[in-house]
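Here are some notes for a colleague who has the coordinates open.

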Amino acid sequence: LDLRFFYFFLSICESASFFQPISDSHRSAAVELFSPDHGSLKSLEETYEALRTFDVLGIEKKPDVTATACRLVSETVGSSSSTLKNVFYALKANSIVKCKINDKAYQGIITRLNAAVDGASSLPDFYYSVGGLVLVKGSKGDVHLADADGIFRSVKAFRQSDGRWRSSSSNPESSAFAAGIALETLAGVVSLASPELDQSLISTLNNDISKLFDSIEKYDDGALYFDDKLVDGHDHQGPLATTSSVVRGLTAFAAVTDERLNIPSNKILGLANFFLGIGVPGDAKDLFNQIDSLACLESNRVSIPLILSLPSTVLSVTKEDLLQVNVNTVLGSNAPPLTVKLVGVFTSGSKAASLVESQELVFDDGTGMYNLKNLPKSIDVGSYTFVFEIVLHELEHEKIYITGGQKKVPIFVSGLIKIENAEIAVLDSDLGSIETQKKLDLAGQNAVSLSANHLQKLRVSFKLTTPHGLAFKPHQALLKLRHESKVEHIFVVGNSGKQFEIVLNFLGLVEKFFYLSGRYDIELAVGDAVMENSLLLAIGHIELDLPEPPEKATRPPPQPVDPYSRYGPKAEITHIFRAPEKRPPKELSLAFLGLTFLPLLGFLIGLLLLGVNLKNFPSNAVPATFATLFHVSIGAVLSLYVLFWLKLDLFQTLKLLGFLGVILVLVGHRVLSHLASTSAKLKSA
Amino acid sequence: MARTSSSKENAQALFHSLRSAYAATPVNLKIIDLYVGFAAFTALIQVVYMASVGSFPFNSFLSGVLSCVGTAVLAVCLRIQVNKENKEFKDLPPERAFADFVLCNLVLHLVIMNFLG
């Protein structure tokens, strides 16, 4: 349980929507996203998007951007091989940068576009050609469509019964995106038509638009949008592009017809909320779609949405923050004269009556915001829902603008909580008498040192008061005791009213503490989202003396070991070698070796003294050789034994011995039998 | 005085008679006796060495001593068999006894060499 985080984000459980209008963060994002090194100014379409975004946001165009755009425009307009789409976007870009294009080029364009209109077979073809003509009319003036009725009907042929449109006759998929393009094209046809178009055609289109709005989708926070579910995935534009297309088409069409479109105004507000709810997009095309659509909504002829926003939704009672409210159009421009009413304030999650009376906010000319002079005394720290309502001053404005009725805004009111009478004490169990008592300063450092045994109790108590003097129950009021072996125990501090107290009776906790005696560090945590002085404080330590654990006592849980510690060096192993035997000094051993030869010497000398001779050695050749062989083989066997001692093993020795032994036996037998026969002959003779 | 001197004289007389009797033994027996003495002395020297420096490679000590003792025992057996005054071995030719002596010694020394380590 990590006690360090006391701040949690607010969860919107009701449909309390809260959108901010376009701000400077959008402007800086536009500058960054549309910069040439971002690589997004390669095609005419992207150039146009950049120019339009800068234009709407009021960002000054850099001269090199204008120059590049003009160059691209004149290249495209002058060349007869540029595509229809490029010509369209070149003209669109030109409507913003207003480069000089000569009359001859214009004539060429007009001819080209007219031919394209006649030969158009798919919705994009109609869109680019008609749109191009509209733009040329915007700069040159005298452009007309020859067969406006016929073109209108051809475009309408793409309509499907569910309100969506196909983009080409070959592709059966219908989409809202194509619907937006179609509406824009038809608006262009209407504006170019002379004589006037048949009004019945326009009324049926009104019904088509209502049909299209039946397929609008909704987010929980009140935003409305269009999305296409196409089977062929790679044509899928996404909800932002689709909704932008519809908004463009819708507002373009509303601009050219006097008939009132029967679309409920709060749907327009929902669409505006969709675009504002995106925040600041990270993609250039998304930013363009958002800004372009909001620019269309800013001054559309259906209804102009007014956005209520607050610069800050966290107010501090202690610092006496002002509640400020802003009402703007979607692009952040000023709203018409109106009043903002605070209808009521409700505690979050409660259905009780409003804590304040309905009152009006005061308009501050300096900041352009509506302020609530003082937070009413009935509003203490906590989380509330404020309900606002916008009331337009002029009646006609209610047809032009849409305010969205009552708006619920979640507001946090925070403040400094007074912590008083904080103390820690060790009590004797039965009598309740105080053995040690220390005062705590919960705003500063503490290093209390206590000691207790299992027969005593520990008490921690303090008093919490809100800035308005009421009782306050924080989200977390916890006492933690941590043993030196890192085993922790956490207890919740209970309260009755303003007084918070916890009593730890060690007699009952002995088993929970695993019978671990020793030093416990004490930590106190008191915190809440609205408490500006939440604290996590090390109070000091207590030496606990607990009895010995019995046999069956539970062991404390193993503390988490650093998982990499098992890769660290292991304990050193000390080998215990057998002490080598003490050997005698070399000289002594060599001396005795010499001594051992002495008896041999004595034997040889004795033999000499006895007068041994080799007379019995056979003199004849054959026995003589055998005799020598006999001695030689004995010598061989003895030297084999020496070799055996020095380096041979038993099996090798036995093999050789077997071989030599056979020789020895044969030879020996011959010699000795010869000797025996000679001595027998001597005896008999 | 007379008894002690007589015992001393007896000892001396005994020693002299032993010496003269021994001189009468045949030479080959004397050779064997000499060999036994040589083996015994070698064993004694090894025991003295062990007594002075300790019996650390005990197997080596044992093999050394037992080789001397074994060869002495075999020599004694040879002497018994070769001695002409010994009626029991009248029919055994001395060469045969000698051959046995050599063979047994070779076997003994094989074992000794193995145990020497």
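1. Over all chains, a search of the whole structure finds 18 salt bridges, where a salt bridge is a side-chain nitrogen of Lys or Arg within 4 Å of a carboxyl oxygen of Asp or Glu. This is a predicted model, in which local features need pLDDT of at least 70 and side-chain atom pairs count only at pLDDT 80 or more, while totals for chains, interfaces and linings use all residues. Residues are numbered from 1 along each chain as its sequence is written, chains are lettered from A in the order in which they are written, and side-chain values use heavy atoms, with hydrogens and water left out.

2. One salt bridge joins the side chains of R27(A) and D24(A), at 2.9 Å from N to O. Because R27(A) and D24(A) are three residues apart in helix 1 (residues 24-33) of chain A, about one helical turn separates them; helices here are DSSP runs of H or I with at least four residues, numbered from the N terminus.

3. Between chain A and chain B the area buried is about 2,600 Å², with 85% of it given by carbon and sulfur atoms; buried area is the accessible area (1.4 Å probe) that two parts lose on being put together, summed over both. The count of salt bridges between chain A and chain B is zero, whereas two residue pairs across the interface are in polar contact, both at pLDDT 80 or more. A polar contact is a pair of N or O atoms within 3.5 Å; within protein, one must be able to donate a hydrogen and the other to accept it, and residues adjacent in sequence count only if both atoms are side-chain atoms.

4. On the side of chain A that touches chain B, helix 15 (586-610), helix 16 (621-646) and helix 17 (650-684) of chain A are the elements that give two or more residues, and helix 15 of chain A supplies the largest share, eleven residues.

5. Helix 7 (residues 148-156) and helix 8 (residues 176-192) of chain A pack at an angle of about 170 degrees, with their axes 10 Å apart.

How values were computed
Axes fitted to C-alpha atoms, helices over the stretch in contact; angles between N-to-C directions.
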